[in-house]
Amino acid sequence: MPLDIEHAMTPHGDRAPDCTMVIFGGGGDLTKRLLAPALYNLARTGLLPARFALIGVDKLDMDDAGFRAHLDKAIRDFASDKHYAQTLDENALSALLERVHFLSGDFGEDDTYHRLDRMIVGISKDRHQSDHVLFYMAVASRFFGLIVDHLGKSGLAREAPGQWRRVVVEKPFGNDLQSAKALNTQLRQTLMESQIYRMDHFLGKETVQNIMMMRFANGIFEPLWNRDHIDHIQITVAETVGVERRAGFYEATGAMRDMIPNHLFQLLALTAMEPPSSFSADAVRSEKTKALLSVHTVDPHRDVVRGQYVAGQRDGTALKGYRQEDGVAPDSLTETYLSMRLMLDNWRWAGVPFYLRTGKAMSTRRSEILVQFKRPPLSLFRNTATENLMPNALLIKLQPEEGAALSFGAKIPGPAIRIGQVHMDFHYKDYFQNAPATGYETLIYDCMIGDATLFQRSDSVMAGWSIVQPLLDHWAQGAVVPMAHYAAGSEGPKESEEMLQERGHHWKPLD
Ligand code: BG6
């Protein structure tokens, strides 16, 4: 069914203001896989600034032409990928590439920033464009503080009337609460909070943004969205990929640090937050932070399951165990699976468990939120005990399937009174023919227009780390923490299912 345009909301739809975007790590993987395709998509949809320049900075022996060729290939690969298949818009691509420059330099040397300053001034003059600059940290996290210090020292981060300077900081924002606070203090020595855009790419996903729309643009969900009607909530981010070539990063990080305080807590906050007083960045972010601050202390033994995958198989193909992966220690104690039971100490959610799970090398790639409603108070149907009535559930499907499904009981046709479970299913693709996107389009565009709603404020980042810090401390003290094992290609460890069974709950099957 086509979208009812009359009732479709108008997107921002205007070109972003003229600016220069500087990508530190221009030669890196993130630029190639996501930033360049996202900029191309913005060019294609007419949202890129009329006067725009892109400067890649990296310690590589490359010039403007080399960088253009590099991005040209990255964008062509993106457009021809089977998931993104679309006709390449040659005009948009060449318009973007004309605006591309490269600066070869070391992030730790003053000279790099002096040359960058001269380059920005030169481009601004040539293009008669205003001097707004967006600095994007597409680099390893150890460089974040160093680069921002240099931006401060060289004067590049200084704002003036009619001239903004913004800095996008990628994940991970710290490795624990203490390092996150230290990084924040370091950034704040140079930048105001309003200049910092802390990225969590999950917030760029349409379906994640849609959680707020579902809840607050409809009248039917919100009256039920509380402890009186909801039994429990499950948040799942299951991945089929293993550790791949990232062992160096993953061994020191693990599923907890990699996914929980950021991606899963963002989903938790959007699901649990109170309605904001407006959709301004600060109103939304304050409510999300409040939701995280209300999470009750987590018991490391009863409320958490850490798991690691062992050898298994998917669709008949043998899969290695984590400890056999390249670059992983044969006695590694890094978790590749984590599930938690969280309780929120507030009026709306008291007594409602929120179960979170995420894992690598699982049976299916699936991110979803299951809202399980309470059973009806009594059964009016002969021979049907209330226990046999399936509770209603709302499933918000984030990826790879995008949509939502509501399940409820219906009469099975026939003379006998029998009840079956049926689903009302909404698929995004049936209504919206959006062109393929990386999720970074919205986020980059929002930085350019100065809308920080989809970026993390520092209090929210700290609230996330504060929840998990006692667990990290507990593990670091060498406390005996059992490691649950699960076969690669399976739905996760049985200990995780047992944690839910304690309260009569079950994980929704992944397949
Ligand atoms: C990243 C994690 O932040 O998110 C990865 O470091 C993870 O380990 C990825 O695979 C998941 O993101 P997406 O968009 O692929 O679901």
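These are my notebook entries on what I looked up in this structure.

**Ground rules.** I am reading a predicted model, where local features need pLDDT of at least 70 and side-chain atom pairs count only at pLDDT 80 or more, while totals for chains, interfaces and linings use all residues. Residues are numbered from 1 along each chain as its sequence is written, and side-chain values use heavy atoms, with hydrogens and water left out.

**Domains.** I began with the division of the protein chain into domain 1 (19-199) and domain 2 (204-403 + 455-501); such bounds come from an automatic or database domain assignment. Contact (heavy atoms within 4.5 Å) takes 13 residues from domain 1 and 15 residues from domain 2. Taken over C-alpha atoms, the two centres are 32 Å apart.

**The interface.** I looked up the buried area, meaning the accessible area (1.4 Å probe) that two parts lose on being put together, summed over both. For domain 1 and domain 2 it is about 1300 Å², with 63% on carbon and sulfur atoms. On the domain 1 side, Lys-171, Leu-177 and Arg-198 lose the most area to domain 2, together 43% of what that side buries.

Next I looked for salt bridges (a side-chain nitrogen of Lys or Arg within 4 Å of a carboxyl oxygen of Asp or Glu). The count between the two domains is one. Lys-171 forms a salt bridge with Asp-258, with the closest N and O atoms 3.0 Å apart.

**Around Lys-171.** I then followed the chain onward: a cis peptide bond joins Lys-171 and Pro-172, with omega about 0°. Pro-172 sits in the loop between strand E5 (165-169) and helix H6 (177-190). Helices (H or I, at least four residues) and strands (E, at least two) are DSSP runs, numbered from the N terminus. I noted another cis peptide bond between Gln-399 and Pro-400, where omega is about -5°.

**Two positive phi values.** Which residues did I find with positive phi although they are not glycine? Glu-244 has a phi of about 50°, and Ala-361 has one near 55°. I checked burial too (buried is under 20% relative accessible area, exposed over 50%, partly exposed in between; 1.4 Å probe, protein chains only). Glu-244 counts as exposed at 51%, whereas Ala-361 is buried at 4%.

**Helix H14.** My last stop was H14 (residues 494-501), where Ser-496, Met-499 and Leu-500 are buried. They cover an arc of only 95° around the axis, so they lie on the same side of H14; the arc is that of the directions from the helix axis to the C-beta atoms. The buried residues of H14 pack against strands E7 (230-238), E8 (304-310), E11 (337-342) and E12 (354-359).
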